[in-house]
Amino acid sequence: MSGPLASGLTEFVERATELQVQVDAISLGAIFALMAVGIGLVFGVLRLINFAYGQLIMAGGFALAFASEQGWSVWVGIALCGVVVLALSLVMERAVFRPLRGQSPAVMLIATFAVAFLLQSIALLWFGPLGKTAASLATLNQTVSVGGVEIRKIAIVAIVAAAVCLGLLLLLLERTAVGLHMRAAAMDFHTARLVGVRANRVSGAAVLASGVLAAVVAVLLTVQFPTVTPTFALRETIIVLAGVVVGGMTRLVSATLGGFAIGYVSGVLGAALPTEQSQYLPSFVFGLVILVLLLRPEGLFARGPRTVERV
Amino acid sequence: MRASLRLVELAGPVGLVLLAALVGTTVSRSNEIYFINALLAVSIVVALYTFIGNSGVLSFGHISFVAVGAWTAGVLSVPQDEKPALMPYLFGFLRDTTVGNVESLALAALVGGVFALLVGLPLMRLSGLAAGIATFAVLEITNNVLRYWEKIGPGLTTFSSVPETTDLLQATVAALVVIGAAFAYQRSRYGRQLRAAREDPAAARAVGISIYRQRLGAFVLSGALAGLAGGLYVHFLPINADVVYLDLTFITLAMLVIGGITSLWGAVVGALAVSALDSVLANAENGIDLFGTTVDLRPGTRIVVVSALMALVLILRPGGLTGGRELSLPRLGRSRGVEG
């Protein structure tokens, strides 16, 4: 009885500790961490969970695919992706987030749920269920040999890009006036307004920063999955949302760590589980999510006694 | 006075459902489908309301109870000789058991309720965002397991050859049963305790209400009602695991929100209003074809309009069309005085 179990476990550990699996898992974690920051930034200022974050990434993916089909260069494609995602973020902020400010988190979550489906169904009408293909970025998906191990270039690019983005964001938050305002608003929106923080400007800045991250994630994901469909990044968003809540929504750092952790865990489990079990990967991951929520509802990485939930 | 007030609150939803059913009998066979669909939507949305409306806790997981109910009724209703072809890996006791229509619906409700109890026992301790994400996780896990575990159902294959017994009459009766159960619950001592806890958890605790226990009760009841709706669904359309997943979660939540989360009247109005809009759009979009693949391939404009409407209602009228209030006396004249 214990024989096959033990050997299965050894095999799992061996597979899970391979360098290639580790690098892939870390790069998935890095991408998820970027998404987690994007969701966490907006939540911090507006107390709003943006379920439609994945559809921003989807729109960016379609921009890249469009540029690639037109035969434009990669850089033009990336610029177009940035413009589309940022414009959509600002429209979303103006048309949905701002009027909903001050509503209960549940109402805002359902509203962004509706926005997500709206964008997804517009994409479905526009591009059809099969979507478009972004072929021009595919070169980044090739492997390089590092010490005899095959590693995909994009894995390294993703890790570096995530590190750079998080570093820049840290500078923004710690060293600029608007960053200070964002941190103040995240701590107490009402009081921050009383002492002169401009509410619309600070929420615009948070949405803009989160849009930049969405554009970066769109590029990173489109390289790995060149076929962009209306449901592009939907699964990733659901998993990251779970990760963000598991990590702890109240602080940006804990939300980011939660996003990274859930990406890393899914990466390792997805690669190391035998095939017949890996089809149950979502069950494993979401089972863990429920477990953590039961043990620490305030979040795995949250610190100290937090305020009582308002919903 | 109190008794008549109570009657109005029940008469509104019941009258509306009967009206929909009556109109449904006058239309052509192909259009009848839309009315059956709308009445099934009423059942699901009222089931959702029973928990979300009374407790104020968000649940993204109720469609998993619909799914489990559908699987129960479906697996147990496929004719004995067709089971090996459709579901070759089924557990022995499921393979050898085939029950009639009414039994399969009762079992669907039972299994939905039991599943809700198992899920609710740990999860009802959570509230707010944690509860939302945890119930979402339940939906994900249920969908994942139903997709791949072929010992309990057809896996990724579509449920074919389930007897299509859900007609206008059954859908109407079921909607009335679900509304009756939801009404009886919200009027009961337990329903009132839960609503009190929704308005002010601290005050409710202070008068000795166990919020956990009351939430669990509502969760189990609404799980059973959702399971019943799922059973009716599988007897209506040849569904698969993707039909009872994200899209249905979205559309039913949209119906509840558009109608008004905190009232039974809102749940019924929302379900019927959105269904009516949806049917008109579907008709305009691609004729009258509604079955299986066409629904899957061409949600097109319908979902665009419905989701835009949902976002608009939330922004302009966060309480929904009914403001989350029950039907009250001065508006009685509008419903056809139906016996409660």
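**Close-up views of a two-chain predicted model**

**View 1. Contact between chain A and chain B.** In this predicted model, 42 residues of chain A are in contact with 38 residues of chain B. Putting the two chains together buries about 3,500 Å², and carbon and sulfur atoms give 82% of that area. The size of an interface is often given as the accessible area lost when the parts come together.

**View 2. Polar and charged pairs across the interface.** Between chain A and chain B, eight residue pairs are in polar contact, with both residues at pLDDT 80 or more. The rule finds one salt bridge across this interface. The side chains of A:Arg235 and B:Glu140 meet in a salt bridge, at 2.9 Å from N to O.

**View 3. The side of chain A that touches chain B.** The elements of chain A that give two or more residues to this side are α4 (74-100), α5 (105-127), α10 (234-247) and α13 (281-295). With 14 residues, α5(A) gives the most. By residue class, the side of chain A that touches chain B holds 35 nonpolar, five polar and two charged residues.

**View 4. Hairpin of β2 and β3 in chain A.** Strand β2 (residues 143-146) and strand β3 (residues 149-152) of chain A run antiparallel and are joined by four bridges. A:Thr143 stands opposite A:Arg152 of β3(A). Two residues lie between the strands of this hairpin, where A:Gly147 takes a positive phi near 55°.

**View 5. Confidence along chain A.** The average pLDDT of chain A is 85, and 96% of the residues score at least 70. Among the elements of chain A, the highest mean pLDDT is that of helix α3 (residues 53-69), at 92, and the lowest is that of helix α1 (residues 2-16), at 76. Over residues 307-311 of chain A the pLDDT stays under 50; for this stretch the model has ten contacts beyond four places in sequence.

**View 6. Confidence along chain B.** Chain B also has an average pLDDT of 85, with 90% of the residues scoring at least 70. Helix α11 (residues 211-234) has the highest mean pLDDT among the elements of chain B, at 95, while helix α14 (residues 292-297) of chain B has the lowest, at 45. The pLDDT is below 50 over residues 292-297 of chain B, a stretch with three contacts in the model beyond near neighbours in sequence. Residues 331-340 of chain B also have a pLDDT below 50, and this stretch has nine contacts beyond near neighbours in sequence. Where pLDDT is low, the predicted coordinates should not be read in detail.

Definitions and conventions: Residues numbered from 1 in each chain as written. Chains lettered and ligands numbered in written order. Heavy atoms only, no water. Contact = heavy atoms within 4.5 Å. Buried area = accessible area lost by both parts, 1.4 Å probe. Salt bridge = Lys/Arg side-chain N within 4 Å of Asp/Glu carboxyl O. Polar contact = N/O pair within 3.5 Å; in protein donor to acceptor, adjacent residues only side chain to side chain. Nonpolar A, V, L, I, M, F, W, Y, C, P; charged D, E, K, R; others polar. pLDDT = per-residue confidence, 0-100. Pairing = 2+ DSSP bridges.
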